[in-house]
Amino acid sequence: MKLQRHGAIACLALTAVLGLSACGSDNNESTGTSASGSAAVVDCGKGTLNAQGSSAQKNAMAEWIKAYQQKCAGTTINYEPTGSGAGIQAFIAGTADFAGSDSALKPEEQPQADAKCSGGQALNLPMVIGPVAVVYNVTGADNLQFTPATLAKIFAGKVTKWDDPAIKADNPDAKLPSTAIQAVHRSDESGTTDNFTKYLSKTAESDWTFGNAKAWKAPGGVGAAKSDGVASKVKSTDGTISYVEWSYAENGGLKKAKIKNGAGEFTELTAESAGKTIAGAKIEGQGNDLKMSIDYKTTEAGAYPIVLVTYEIVCSKGLAADKLPLVKGLLGHAASAEGQQDLVELGYAPLPDSVRAKVETAVKSLS
């Protein structure tokens, strides 16, 4: 179910997603109509695709698949939200035609993934921006806000009660009970965990000493499987706090905390505030590999600092002849202005157009 349109999301969509594009190929084409009323050409393949990975992009992928299959008869596309780590391993094992991941391939994963791409390499293609919300369920406490140091202490197990002085210092006007804190983390390997722990390690070095990884490394806390499980646990359990993609926080009606950014402001999560951090992200990859680096310490006024880029991991070359048209068609639609704008009511922020154009070029080059 689509979320009610937020004005800020619509605003960001208009500024970040400009124009339409078409991917040309020798395959069948179907013409649809974009939100702007312009014709959008979609490359249509036939057959079946199997992909898996990031649960953060589950709702985005469902929207893209639905739209693509409506325009392209004779296609079956399966996407299983097994988590980023499982998706990458399935890609490496050859059981996924592409993988969704909330973090780019690690140096040790890259050669294994490249080995599956005859004559090519595995590309990291950013496909959607997923702001990460810090969500909580504390009876009587509303409008909470946190510094990076306090968040790090909570998730490291150093702050264990809701009325701890560190939380009081961040929230001097809040009614904080003495309830024990249950810090909920992903029990499966997750790119969301990788991004959240990277944020903690970059912004609260002295309080977070566990580095970053897809697997949760800190002791204590409570594990829950996948994004759905995290959101459900927080919604149903008093005293909880966790991290989850914005779309799941919105769908679950969860309370979202303001986060202190590098400019010293406690900032609410909106499409506009997330977009300010996205605008400062840099592309680290070479050529059509579009791995991005996010500045979690952004000093941009009004920026919400915890955002993730969710990628599609796909072979630049070596795709099976019967899979290539489908992969190019689906990912070409996802990277189009139309495909990006389709997500703005689902709790995602569209790619800045400068990045989106690079992704389209990379998808066109797949062979």
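**View 1. The buried side of helix 13.** Val355, Arg356, Val359, Glu360, Ala362 and Val363 are the buried residues of helix 13; buried here means under 20% relative accessible area, exposed over 50%, and partly exposed in between (1.4 Å probe, protein chains only). Because these residues cover an arc of only 165° around the axis, they sit on the same side of helix 13; the arc is taken from the directions from the helix axis to the C-beta atoms. This is a predicted model, in which local features need pLDDT of at least 70, side-chain atom pairs count only at pLDDT 80 or more, and totals for chains, interfaces and linings use all residues. Residues are numbered from 1 along each chain as its sequence is written, and side-chain values use heavy atoms, with hydrogens and water left out. The buried residues of helix 13 pack against strand 6 (122-137), strand 15 (292-293), helix 11 (324-335) and helix 12 (337-341), where contact means heavy atoms within 4.5 Å. Helices (H or I, at least four residues) and strands (E, at least two) are DSSP runs, numbered from the N terminus.

**View 2. The largest nonpolar core.** Among its 105 residues, Phe146, Phe155 and Ile241 touch the most other members. Strand 6 gives the most to this core, with eleven residues. Such a core is a set of buried Ala, Val, Leu, Ile, Met, Phe, Trp, Tyr and Cys residues joined through side-chain atoms within 4.5 Å.

View 3. Strand 3 (residues 47-53) and strand 4 run parallel and are joined by six bridges; two strands pair if DSSP finds at least two bridges between them. Take a look at Thr48, which stands opposite Thr76 in strand 4.

View 4. Strand 12 (residues 258-260) runs antiparallel to strand 13, joined by two bridges, and Ile259 has Thr267 as its bridge partner in strand 13.

**View 5. Two residues with positive phi.** Asn143, in the loop between strand 6 and strand 7, has a positive phi of about 55° although it is not a glycine. Asn143 counts as exposed, at 70% relative accessibility. Lys226, in helix 8 (residues 226-236), has a phi near 60° and is partly exposed, with a relative accessible area of 32%.
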